[in-house]
Amino acid sequence: MDFNARTSHQFRPQASTNNGNRGKQQKNDSDAFMRLPDHEIAGCITEIGVPFSLEDLHKPNPQQIQKVFEWFGELLMNATRETVEPAMRAAAEDVCGEHMEVLPADTRNLMGFYVSLRRLLVECGIHDFQFADLLRPTHDRLVRIFSYIINFVRFRESQTKYIDEHFNKAENTKARIETLYTENQDMEARLDEMRRQRKSMDSMAKEKTKRNDELKARLLELKKGQERIAERLEKVKSEKGRLTGQLEERTEECLGLRQESEKLRPYVLQSPAALQQSLNELSENLARDRSQIDGLEKRSRALQTSSDTFGIVCNDVVSCTKVLEEVSNELQKEDEENLKAAKRRDALSERGNNVREVERHEAMLQRQLKRWLERTEGVRNTSKEKADGAKAKMEELRTVHKRLTEERGEKGREMERRRVRIEQTEKKMADLKENIENEIHAAHDEYLKMDSHIKLYITEMEQSI
């Protein structure tokens, strides 16, 4: 049935009589190998899950034809109007801006799907696919386009093993590239985080160092103040001891003089003049002692004032000592912070080593990615070479098919001539058979007549005997 359908398209009376359509005839001859009968096209489309009949092919409906094309696009390219909608919407926003409603979404998506479908049909061998084939399809165009697509699908199914192999390799390479890219992004994020932590730790270390320097300067100042206060305290203590010794000496002298005056008192009472003199002496001694006592009291008050001052100074020294203890505690904490900072610097250096290790790993991953890309490019080139070889082989097969089609046409015409000759010979044989049968019937009739005559003659002879 396929042979009759193809020969019916191949040997047309108009193509044999019209020399002006010779190019079209050659094109039809080249498409004869790819062109399929209407019922086979309708059956194939129905098998894929889209109800389609010969009436739909002879009187095509644009919506139904677009649905069939969309199914072929999804099968072969995974492209539909829904898949191209985001890109077409973004393009409409870039081109039309706020007036993107001027171009309806269905028309916009259909135009984007037409571009993808046109690339598919170019690969299938249809180089003259137009937008009118989606909006105003015709029977001849649909038969030619569907024939090429179905033959391409059949060829693709016959090469499924190699296609799946290369597709799996490409998918594995793509997955590996995505994995490496994700790992690279994670490593870059970790590297940025470590850099930020390093910067924050550097700033904290600088602040701690600055604060440590300030505390050290304050501690030196406090130590110098403590030394000055300690020297002043020693001087005050020594002065206090000296004055206390003088006061004790003067007190002992005063007590000794009083004892001596008590001893001399009986002797003085015997002579008024001596007593007066002794009294004057004693008055002078008393005045002198009073003046000394006043001086000592003044000195004692001064010493008391100095003692109070010394108490205040002692309190200041105690407070300074507490401050020094706090400073020592702060210094101890600072030392601990320095130890922690040293540990953090060590950790930072270790993280720096990790960063360098990550960078080295990243460089290695970049080299692996480059190698994978080169391998992918090699696989792509190999696939392209195989596709070119398959295309060349397809061209050779088309040439062979064209030659076989011409030979089959010649044989068909020869068979037609032989059939005519056989029919003529059969007609002649039938005429001869009819003549022979007539002659046989005539001979049989003559035989019967002769038999009857012989029997009659024998009967007459028997009667005569």
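Which residues are buried in helix H4 (residues 38–47)?

## Buried positions in H4

In helix H4, Asp-38, Glu-40, Ile-41, Ala-42, Cys-44 and Ile-45 are buried, where buried means under 20% relative accessible area with a 1.4 Å probe and protein chains only. Just after H4, Gly-49 takes a positive phi of about 110°.

## Basis of the model

This is a predicted model, in which local features need pLDDT of at least 70 and side-chain atom pairs count only at pLDDT 80 or more, while totals for chains, interfaces and linings use all residues. Residues are numbered from 1 along each chain as its sequence is written, and side-chain values use heavy atoms, with hydrogens and water left out.

The mean pLDDT of the chain (the predictor's confidence in each residue, from 0 to 100) is 77, and 88% of the residues reach 70 or more. Over residues 1–20 the pLDDT is below 50, although this stretch has 19 contacts in the model beyond near neighbours in sequence, a contact being heavy atoms within 4.5 Å. Where pLDDT is low, the predicted coordinates should not be read in detail.

## The chain as a whole

The secondary structure comes to 12 helices and zero strands, with helices (H or I, at least four residues) and strands (E, at least two) taken as DSSP runs and numbered from the N terminus. Of the 465 residues of the chain, 21% count as buried. Among contacts between residues at least 6 apart in sequence, 72% join residues at least 24 apart.

## Where H8 meets H10

The axes of helix H8 (residues 105–124) and helix H10 (residues 139–158) come within 9 Å and cross at roughly 75°; these axes are lines fitted to C-alpha atoms over the stretch in contact, and angles run from 0 to 180 degrees between N-to-C directions. H8 and H10 are therefore roughly perpendicular to each other, a term that covers angles of 65 to 115 degrees.

On the H8 side, Leu-120, Leu-121, Glu-123 and Cys-124 meet Ile-145, Tyr-148, Ile-149 and Phe-152 in H10.

Technical notes:
Parallel < 35°, antiparallel > 145°, perpendicular 65-115°, else oblique. Buried < 20%, exposed > 50% of the residue type's maximum accessible area, 1.4 Å probe, protein only.
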